[in-house]
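Student: I would like to learn how to read helix packing and charged pairs in a model. Can we go through them one at a time?

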Amino acid sequence: MRFFEMTSGAVLENLRTSEKGLTQEKARERLLKNGPNEIKEEKKKNVLEVFFSQFEDLLVIILLVCSAVSILTGNGDSAAVILLVIVMNSIIGTVEHFKAEKSLAALKNMSAPHAKVIRDGNVCEIPAREVVKGDILILEAGAVASADGRVIEAAGLLVNESSLTGESDSVLKSDKVLDSDGREIVLGDRVNMVYSGSLVTGGRGVVVVTATGMETEIGNIATMINKAESKKTPLQKSLENFSKKLTIAIVIICLAVMALSILRGEEILDAMMFAVALAVAAIPEALSSIVTISLAIGTQKMAKQNAIIRDLKAVEGLGCVSVICSDKTGTLTQNKMKVREIYRDGVSHPAERFDSNDDLILPMLLCNDAAFSADGESIGDPTETALIEFFGKERCDKVRSAYPRLAEIPFDSDRKLMSTLHKINGKPTMLTKGAIDNFLDRLTSIEVNGRVRDITNEDKKEIVHMNVFYSERGMRVLCFAKREFRNKTDINENDENKYTFIGLCAMTDPPREESKAAVTDCISAGIKPVMITGDHKMTAIAVAREVGIFKDGDLALDGAELEMISDSGLSEMLPKVSVYARVSPAHKIRIVTLWQELGHIVAMTGDGVNDAPALKKADVGVAMGITGTEVSKDAASMVLADDNFATIVKSVASGRSIYTNIKNSIMFLLTGNLAGIIAVLYCVIMGLSAPFTAVQLLFINLLTDSLPAIAISMEKPDRNLLNEKPRGINDSILDKKMIINTSFIGILISISTIAAYYIGLEHGAETAGTMAFSALCLGRLFHCFNCRGSKPINVLGFGSNPFSIVAFAAGVCFLSAVLFFTPIHDLFSISLLGPSMIVEIIFFAVLPTVIIQIYKNIRYFLGNR
């Protein structure tokens with residue numbers, strides 16, 4: 001229904017309501033019929049669905065098969081331990097899933113709005129979700145429109161629709177009928193309509209609700225977002241690829257070992273159990289839980305830095321971001337207009353040098369509808385609040401009480417002027433502010449150094465020159481003038497002429513103090529920062545240049561220019577374009593898509609509903625927690641509690657650190673598992689008895705490996721992380737360097753393990769297995785210190801990660817309990833060890849770590865000469 005083309009009366013009649021509003025009974029009927037006024041979310045998984053989704057992994061499936069084989073062969077203990085591992089990992093994954101959802105739910109509750117409506121002829125306040133079609137909404141400065149509606153009464157009603165249009169300037173609303181003349185009127189030009197989620201920045205209005213819930217403009221975009229597919233992070237892709245390759249390798253090796261065992265004359269069931277032991281040795285059971293825990297720990301750290309993570313895997317995705325597309329207002333800037341320059345008496349002054357006793361203070365404070373609330377917060381249009389904040393509440397109240405307003409002519413978009421009448425120095429004086437273009441022909445005199453004289457063409461040229469000078473620096477300029485009368489009690493538009501020029505005031509939304517440093521860090525980290533804004537190009541360039549995004553030789557494009565460039569042409573230009581201005585939602589998606597096609601990981605920030613599709617499309621969508629709409633938060637994978645660009649850069653550093661720690665944890669798990677595989681394969685080839693049982697290997701993987709791996713994930717970030725370039729989208733977690741290191745260390749630990757096995761073999765197969773098990777277990781615990789980083793432990797600092805010491809001590813306690821606590825000997829097939837054997841186990845366990853640390857020290861000190 002095109003309500004903007006209908007008269008107010010026709011709209012009321014169509015919606016079967018009146019200016020007195022609906023009755024409570026009629027409102028309840030409509031609420032039951034049409035449902036609550038809220039955005040419907042996609043159906044979320046329940047606890048059981050999330051729990052069982054954790055089993056959708058090839059490695060988990062292999063473990064389930066292993067547990068089934070154990071049951072068939074009468075090894076119920078092994079099966080129980082395997083199933084325990086799987087269930088524990090699934091519980092951890094489920095808990096972390098709902099933790100992330102909980103963070104967003106808390107954020108939603110913080111911003112849940114209420115609405116002021118007329119019911120049964122009386123004004124009352126109700127929850128926004130209970131608003132229905134036909135309700136009469138009362139909108140005042142500071143309120144948020146809770147539904148779409150047609151304006152039926154407006155008094156200087158200014159509405160910020162940036163959540164839908166991306167335009168930062170407020171729109172003056174009216175109740176006039178719009179004539180489309182057969183053409184489509186875009187949402188931003190529908191001045192007699194108000195849309196859900198829009199902020200009232202000034203004036204007041206009465207609106208009849210025309211759409212609620214999913215029928216609103218916000219709801220339509222939410223529907224599109226729900227249909228969009230989320231992208232997988234590089235870590236997800238890399239781990240999936242790794243799991244597939246590892247699964248194939250495990251299946252082939254296990255079948256080959258089982259075949260060799262059968263050919264050697266072993267019973268089929270014994271051969272199957274040997275293959276199970278090998279599978280258990282090969283599978284890093286703790287991998288999924290370690291990754292989940294590492295990411296969860298990362299989310300807690302980042303929450304303290306004002307970054308709330310909705311999707312755990314986005315933590316890692318941040319670590320390989322190579323392009324950040326950032327909004328301007330509120331993210332790079334303070335989202336608050338501030339007086340920066342004042343032109344008075346033919347001279348431009350920085351705001352801080354302005355004489356507060358100057359007559360210019362009168363029009364700045366009196367011709368102004370902004371006000372201070374009881375708690376000292378300014379309320380009103382951003383340009384007007386900037387003026388009253390410049391002087392402060394005390395001065396503002398003093399001036400306004402001395403010169404009360406006698407009459408006014410409200411601002412409108414045609415005149416671009418606002419006038420008020422006051423008695424100043426005993427004379428009725430009209431004070432006016434507005435755009436300089438609408439003033440020039442109305443000026444007849446100028447006030448210079450307290451004296452009024454006729455204005456000259458040179459004066460006007462100088463005023464225009466200063467206006468251009470300020471505008472080119474991205475400032476918003478207001479002109480102030482006055483007109484004195486002999487006897488006047490009221491004013492109208494015909495009086496707005498014969499002005500005396502007083503001065504100009506230039507304002508900007510200044511950059512955040514930390515933005516410039518954050519952009520510098522961003523560039524040092526090999527990340528391309530790009531500004532995408534709905535503001536004007538000159539303003540965008542000025543801010544981008546000030547924070548360091550826009551440099552000499554860079555390009556800036558606006559929406560109209562983007563429309564004229566092909567995708568192939570824009571792809572070639574992308575590396576040089578640092579600013580996009582006056583863009584639409586479709587343009588944002590296009591920019592993100594083209595960067596992704598060039599092989600980049602893209603982070604996109606946004607706060608409006610119009611940003612939501614691009615947030616969903618980006619690899620890492622970042623929504624604003626303060627100014628962001630609910631739809632943008634739902635579409636994003638991360639929410640900034642402080643709406644600050646610097647927080648994104650900190651999050652990138654955290655993401656890189658977390659990825660490095662996860663990679664080190666994985667290397668720790670793989671080297672230990674490889675050592676176990678080599679030991680088992682060696683014994684098969686040499687015709688020896690199995691060095692480990694399946695339960696022993698599960699003990700190592702679950703208890704003595706999990707805690708050190710978690711400790712590695714707690715390693716402090718390296719300060720040099722932001723000096724490195726982001727890793728490529730196709731870079732595997734198992735790169736060439738990691739494969740070589742894993743293989744070398746795995747062989748080293750396996751040699752020590754086999755050596756311990758041979759010493760124990762002199763006392764029998766069970767003693768040999770006990771010594772091999774003990775040496776492997778303790779050797780992997782020592783290896784935790786090697787995997788904390790690429791530097792030697794003496795450089796990293798032995799006590800700099802206390803978690804690694806605690807994990808080592810806990811692992812030693814677990815191992816000691818198994819070796820020396822008699823009641824559990826049978827479960828783990830343990831034989832008693834003499835003191836000399838324990839010394840030999842410690843020697844073989846610590847030997848690989850000593851060799852690795854010597855190598856690391858030589859490489860480190862030679863490389864730092």
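Student: What is the handedness of the crossing of α16 and α23?

Tutor: This is a predicted model, and in it α16 and α23 cross in a left-handed way. Helix α16 covers residues 515-524 and helix α23 covers residues 645-685. Their axes lie 8 Å apart, at an angle of about 30°.

Student: Which residues make the contact between α16 and α23?

Tutor: From α16, they are Ala518, Val519, Asp521 and Cys522. From α23, they are Phe645, Ala646 and Val649.

Student: How many residues of each class does the contact of α16 with α23 have?

Tutor: Six are nonpolar, one is charged and none is polar.

Student: Now the charged pairs. What can side chains of opposite charge do when their charged atoms come close?

Tutor: They can pair. The cut-off for a salt bridge is a side-chain nitrogen of Lys or Arg within 4 Å of a carboxyl oxygen of Asp or Glu. With that rule, the model has 27 salt bridges.

Student: Which residue forms a salt bridge with Lys116?

Tutor: Glu140 does, with 3.2 Å between the closest N and O atoms. Lys116 belongs to strand β1 (residues 114-119) and Glu140 to strand β3 (residues 136-140). The two residues are 24 apart, and their pair links distant parts of the chain.

Student: Where does Asp495 fall, buried or exposed?

Tutor: Buried means under 20% relative accessible area. Asp495 has 10%, so Asp495 is buried. Its salt-bridge partner is Lys488, and the closest N and O atoms of the two are 3.2 Å apart. Lys488 has 23% relative accessibility and therefore counts as partly exposed.

Student: Which residues do salt bridges that share partners join into one network?

Tutor: The network consists of Arg344, Asp345, Glu447 and Lys482.

Conventions: Residues numbered from 1 in each chain as written. Predicted model: local features only at pLDDT ≥ 70, side-chain atom pairs only at ≥ 80, totals over all residues. Heavy atoms only, no water. Axes fitted to C-alpha atoms, helices over the stretch in contact; angles between N-to-C directions. Helix = DSSP H or I, 4+ residues; strand = E, 2+ residues; numbered from the N terminus. Left-handed = near helix turned anticlockwise from the far one by under 90°. Contact = heavy atoms within 4.5 Å. Nonpolar A, V, L, I, M, F, W, Y, C, P; charged D, E, K, R; others polar. Buried < 20%, exposed > 50% of the residue type's maximum accessible area, 1.4 Å probe, protein only.
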